Amino acid sequence: VAAGSETRLALTVSLPPKLHVQADKPRDPSLIPTVLTVGAPPGVSVSNLIYPHPEDFLLEGEKVPLLVFDNEFAVGATITVDDSVAAGDLTIPGRFRYQACDDKMCFQPRTERFEWALNVVPAGTSIPRVEDAIFKELSGGRVTEAPEPEAFPLPGTPAGPTTARVDDGSAIARLANFEV
């Protein structure tokens, strides 16, 4: 990617046959949505996220079908690399949160961490646009606004806050000492 330009990122998802995940905006708000999070490093901004168009999945015993992504699909993002970003390697961390289900049950939700590795070249450098099948699939997807940036821990840093231990003997105080 040339500094000062926009580029696309893609993530392919492949689940075992007969599994699906809820769409990024399920009809039932109590269901766990599929969420792509892009950790934009300094000098990079996320313009939008791209999800496939969800499919209806009628679960036995339900009147309203679920909105799901089938077992093979792609998600992506459009990013802008500021012209102040130095040429060289650029790593963009990502997270993919989902809950796989079949026609009878849902499995424990998971968050997969991954990274996109880009090579930044000086501003104005001509870069041929890649028209890979994955980007063709994404071009037919549903573009959504990028969510507000959130704290995104870098690899090797703790993912959560640290807490002080409390011990006054109460049940609530004992819960404060609970660790996952």
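1. Basis of the model. The structure is a predicted model, in which local features need pLDDT of at least 70, side-chain atom pairs count only at pLDDT 80 or more, and totals for chains, interfaces and linings use all residues. Residues are numbered from 1 along each chain as its sequence is written, and side-chain values use heavy atoms, with hydrogens and water left out.

2. Overall fold. The protein contains 2 helices and 11 strands; these are DSSP runs numbered from the N terminus (helices: H or I, at least four residues; strands: E, at least two). Along the sequence the pattern reads β-β-β-β-β-β-β-β-β-β-α-β-α.

3. An open sheet with antiparallel pairing is formed by 4 strands in the order 1-7-4-11; two strands pair if DSSP finds at least two bridges between them. Strand 1 and strand 11 (142–145) are at the edges with a single partner strand each, so one side of each has no neighbour in the sheet. From one strand to the next, the twist averages 30 degrees (axes are lines fitted to C-alpha atoms, and angles run from 0 to 180 degrees between N-to-C directions).

4. Strand 7 and its partners. Strand 7 (residues 72–81) pairs with strand 4 (residues 44–51) over 6 bridges in the antiparallel sense. The antiparallel pairing of strand 7 with strand 1 runs over 10 bridges. Gly76 in strand 7 is the bridge partner of Ala10, and Ile50 also stands opposite Gly76. Thr78 of strand 7 has Asn48 opposite. Because 8 of the 10 residues of strand 7 are buried, the strand is largely enclosed by the rest of the structure.

5. The largest pocket. This pocket holds about 600 Å³ of space. A pocket is an open set of points on a 1 Å grid over the protein atoms alone where a 1.4 Å probe fits, with protein on both sides within 12 Å along at least five of seven lines; lining residues have an atom within 4 Å of a point. The volume is the space filled by probe spheres set on the points. There are 22 lining residues, with Glu6, Thr7, Arg8, Val130 and Phe135 nearest the centre.

6. Sources of the pocket lining. Strand 1 (5–14), strand 10 (110–120) and helix 1 (133–139) each contribute at least two lining residues. Strand 1 gives the most, with 6 residues. The lining comprises 14 nonpolar, 5 polar and 3 charged residues; Ala, Val, Leu, Ile, Met, Phe, Trp, Tyr, Cys and Pro count as nonpolar, Asp, Glu, Lys and Arg as charged, and the others, Gly among them, as polar.

7. Gln99. This residue is in the loop between strand 8 (88–98) and strand 9 (100–101). Gln99 is buried, with a relative accessible area of 13%. A polar atom of the Gln99 side chain lies 2.8 Å from the backbone oxygen of Phe107.

8. Ser5. This residue belongs to strand 1 and counts as partly exposed, at 22% relative accessibility. Ser5 and Ile127 are 122 residues apart along the chain, and their C-alpha atoms are separated by 9.9 Å.

How values were computed:
Buried < 20%, exposed > 50% of the residue type's maximum accessible area, 1.4 Å probe, protein only. Polar contact = N/O pair within 3.5 Å; in protein donor to acceptor, adjacent residues only side chain to side chain.
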